[in-house]
Amino acid sequence: MKMTEIRELDTKSLNEKLENTVEKLQQLKLNHSVAPLENPSQLKAMRHDIARMKTELRMRELNK
């Protein structure tokens, strides 16, 4: 997910998206510990997406 896509979302939907992505990351980590993933770079991409979402939420919080 790109930063422009994240900025287009409102705060409520961004929070929901963040929660869903964190849950997916935890599930992928669990699956990866049991059996290797076909594409382990998915974990890195999800972590980056989570960081982008948290950054945008923090920027919105500071700009109030």
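Is glutamate 56 buried or exposed, and what is its relative accessible area? Glutamate 56 is buried, with a relative accessible area of 7%; here buried means under 20%, exposed over 50% and partly exposed in between, using a 1.4 Å probe and protein chains only.

A word on the model: it is predicted, so local features need pLDDT of at least 70 and side-chain atom pairs pLDDT 80 or more, while totals for chains, interfaces and linings use all residues. Residues are numbered from 1 along each chain as its sequence is written, and side-chain values use heavy atoms, leaving out hydrogens and water.

Let's look at the charged pairs. There are four salt bridges, each a side-chain nitrogen of Lys or Arg within 4 Å of a carboxyl oxygen of Asp or Glu. Three of these pairs are among them:

| Pair | N to O distance |
|---|---|
| Arginine 7 and glutamate 56 | 3.7 Å |
| Arginine 60 and glutamate 56 | 3.0 Å |
| Aspartate 49 and arginine 52 | 2.8 Å |

Arg7, Glu56 and Arg60 are linked in a network of salt bridges. Arginine 7 is partly exposed at 47% relative accessible area, whereas arginine 60 is buried at 19%. Arginine 60 and glutamate 56 lie four residues apart in helix α3, about one turn; helices are DSSP runs (H or I, at least four residues), numbered from the N terminus.

Now to the nonpolar side. The largest nonpolar core has 11 residues, including Ile6, Leu43 and Met53; such a core joins buried Ala, Val, Leu, Ile, Met, Phe, Trp, Tyr and Cys residues through side-chain atoms within 4.5 Å. Helix α3 gives the largest share, five residues.

Definitions and conventions: Helices (H or I, at least four residues) and strands (E, at least two) are DSSP runs, numbered from the N terminus.
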